[in-house]
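Thanks for coming, everyone. Let me put the structure up, and then I'll walk you through a few spots.

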Amino acid sequence: MKEKTIRTLKSIGLGFLEPLIRAVSGEEPKKNLGTFVKGTMFPIASIFLFIAIWHFSATALFNKEANVKIEKARTEQGEEAALAMKACIVSGDVSCQPNTLPSPVQVLAAYKTLWRDHVEISQKKDEFKEKVASTNAKRADQGLGPIKYTGRPSFLDQIITSLKTVAAGFLLALLVAVPIGIIIGLSDTLRNSFNWLIQILKPVSPVVWLLLVFMIVKTVITDPNMDKSFIISFISVGLCAMWATLINTSMGVSSVDKDYINVSKVLNLSIGQNIFKIILPASFPLIFTGLRITVSVAWMVLIAIELLAQSPGLGSFVWEEFQNGANDSNAKIIVAMFIIGIIGFLLDRIMLTVQNLMTFKKA
Amino acid sequence: MEALLKEEHYTPHLEGKPNMLVCKNLKKVYPTPKGEYVVLDDLQLKIRQGEFVSIIGHSGCGKSTLLTMIAGLNPISGGNIQVDGAPIIGAGPDRAVVFQSPSLLPWLTALENVMIGVKQVFPKATKAEKIEICKYYLDKVGLGNDFDKRATSLSQGMQQRVGIARAFALKPKILLLDEPFGMLDSLTRGELQDVLLEIWQKEKITAVAITHDVDESIFLADRVIMMTSGPHAKIGDELFIPFKRPRNRRDVLEHPEYYDYRGYLIDFLNH
């Protein structure tokens with residue numbers, strides 16, 4: 001039981017908990033607890049160090065910006081205005097705060113604001129749902145679509161939208177890149193003929209992909225009811241992110257251990273069996289490495305693409321906050337930054353876990 | 001010494017049996033940047049049905065090339081190979097191979113590794129029958145309790161046992177063994193030789209084993225074929241091993257003529 005728990009934890013990347021579990025279960029408690037403290041305390045200490053450095057640099061930047069503001073008031077309007085500006089900054093009045101890197105405390109406050117905002121909005125949504133419940137039931141009877149809430153999305157809604165876009169983009173990348181990778185990987189001729197295309201398209205910037213997709217989608221999809229911006233952004237995400245999977249799949253397929261191929265030949269496996277029973281499982285480790293890179297890239301380019309495609313999500317959230325220029329906008333952007341980072345990390349861990357479950361390990 | 005080479009000593013179970021494998025004027029050429037490299041040249045080989053033949057020779061003499069050509073995994077440059085009277089076309093389950101590295105599919109269990117072949121050879125059998133066949137052979141190689149173990153969690157020796165079970169389960173016409181125990185330690189090697197002989201004794205499949213271990217070649221085979229060193233390797237000599245079957249290691253080692261055979265082979269290899 002204990003060993004199994006440890007194995008599971010390790011496979012999802014929580015291996016650092018191993019000594020704690022061993023210590024709790026009474027196995028060399030002193031030594032294991034020591035290992036755990038060593039393995040956990042230092043990372044925690046590094047977090048504090050990071051926050052401290054951030055705090056001090058934010059304070060320094062704040063002071064610099066404040067001084068500039070005061071000096072400007074002095075040179076433009078005289079000594080009195082400078083003093084007034086100073087008093088205003090010290091008092092914490094929103095109207096005159098220096099606009100610079102927010103401190104950790106401000107970011108935490110912004111996070112709380114965002115959360116309160118989310119609670120408020122979801123309340124409104126619930127109320128709205130209650131209000132239109134009977135109307136919607138009637139509309140359903142008449143074969144009409146329900147009335148939807150069209151208010152401002154909360155921060156959490158934006159995250160969910162982003163995740164949906166990334167999921168769709170990833171799925172697209174998977175469905176396009178893996179089959180093509182297999183086909184290309186099976187034949188040297190095909191690989192050589194398409195290599196130039198892959199090598200040229202791979203480094204193309206997400207922005208260019210977005211524009212390209214925009215040109216095509218705009219022509220292809222004329223139905224105004226369809227969510228064009230979502231379609232454009234998820235296709236662009238998929239196109240940007242699929243290259244790692246495509247290259248890894250074709251490499252994995254073309255470099256399957258010769259022993260396995262010989263086994264397949266001796267057994268006279270058909271082409272289908274050969275692909276699904278030998279080649280695919282044998283190249284799973286490389287394919288999954290590619291898929292992991294694809295997920296990371298998808299999440300990374302998503303923000304830029306949402307920002308440009310004006311589709312809702314974290315990207316547009318960041319952009320709106322930047323344009324907004326409210327007092328806590330900068331802090332909100334930093335909150336978004338952390339959330340983007342943490343979600344990216346979690347996505348990678350999920351992929352790693354799936355990879356460990358799906359692929360064999362070399363003896 | 002002369003007496004050793006006469007066919008009267010030939011093991012009785014081969015009397016009147018037809019040829020199962022015939023290699024005629026066999027040639028293998030590898031192209032190299034410096035021109036053609038002729039590995040095998042004008043090689044003649046006949047193996048009777050139910051015969052166990054060891055092929056011995058120095059490393060690089062082309063014995064593995066010969067085996068992979070018989071298996072159909074390596075194209076023939078000249079001459080031909082006939083199995084059961086018909087020329088071979090590519091690889092196939094009628095010529096099962098036990099590779100030097102176990103070559104199990106690491107994402108499958110022991111049983112599934114055998115099953116993948118059984119499914120090919122017995123497509124009409126019911127699922128229960130197929131499982132029965134797999135279990136029978138795995139049991140025979142001493143893995144009766146490890147059906148569902150992943151290939152990767154088995155030791156090298158156990159993996160090679162699965163390799164042997166997989167080959168026998170195909171019910172091949174010829175069993176080809178390419179230095180099957182070359183990667184094992186000597187204890188495990190001995191155990192596996194016993195396992196191989198025991199199961200072969202039951203199945204009486206024509207077998208060709210490549211080895212560079214003189215004792216192994218004598219212990220396993222009815223006939224040891226000695227290959228000359230390449231290039232242009234061919235069959236240099238052959239030696240019939242008439243020890244009665246089923247064999248056991250001690251009887252063979254204590255046989256009065258054992259060291260004559262051994263000396264003969266070592267002599268050949270040293271010249």
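What you see is a predicted model, where local features need pLDDT of at least 70, side-chain atom pairs count only at pLDDT 80 or more, and totals for chains, interfaces and linings use all residues. Residues are numbered from 1 along each chain as its sequence is written, while chains are lettered from A and ligands numbered from 1 in the order in which they are written.

So, look at helices H12 (residues 314-324) and H13 (residues 329-358) of chain A, which pack at about 160° with axes 8 Å apart. Helices here are DSSP runs of H or I, at least four residues, and strands are E runs of at least two, numbered from the N terminus. That angle makes H12(A) roughly antiparallel to H13(A), since over 145 degrees counts as that. And their crossing is left-handed. On the H12(A) side, the contact includes A:Leu314 and A:Phe317; on H13(A), A:Ile333 and A:Ala336 are among them. Contact means C-beta atoms, placed from the backbone, within 7 Å. The contact residues split into seven nonpolar, two polar and two charged.

Now, where do the chains meet? In all, 17 residues of chain B are in contact with 16 residues of chain A. On chain B's side, H2(B) gives the most, with three residues.

Last stop, A:Thr35, found in helix H3 (residues 29-77) of chain A. Its C-alpha atom is 34 Å from that of A:Leu291, 256 residues away along the chain.

Technical notes. Two residues are in contact if their C-beta atoms, placed from the backbone, lie within 7 Å. Axes are lines fitted to C-alpha atoms, for helices over the stretch in contact, and angles run from 0 to 180 degrees between N-to-C directions. Angles under 35 degrees count as roughly parallel, over 145 as roughly antiparallel, 65 to 115 as roughly perpendicular and the rest as oblique. A crossing is left-handed if the near helix is turned anticlockwise from the far one by less than a right angle, and right-handed if clockwise. Ala, Val, Leu, Ile, Met, Phe, Trp, Tyr, Cys and Pro count as nonpolar, Asp, Glu, Lys and Arg as charged, and the others, Gly among them, as polar.
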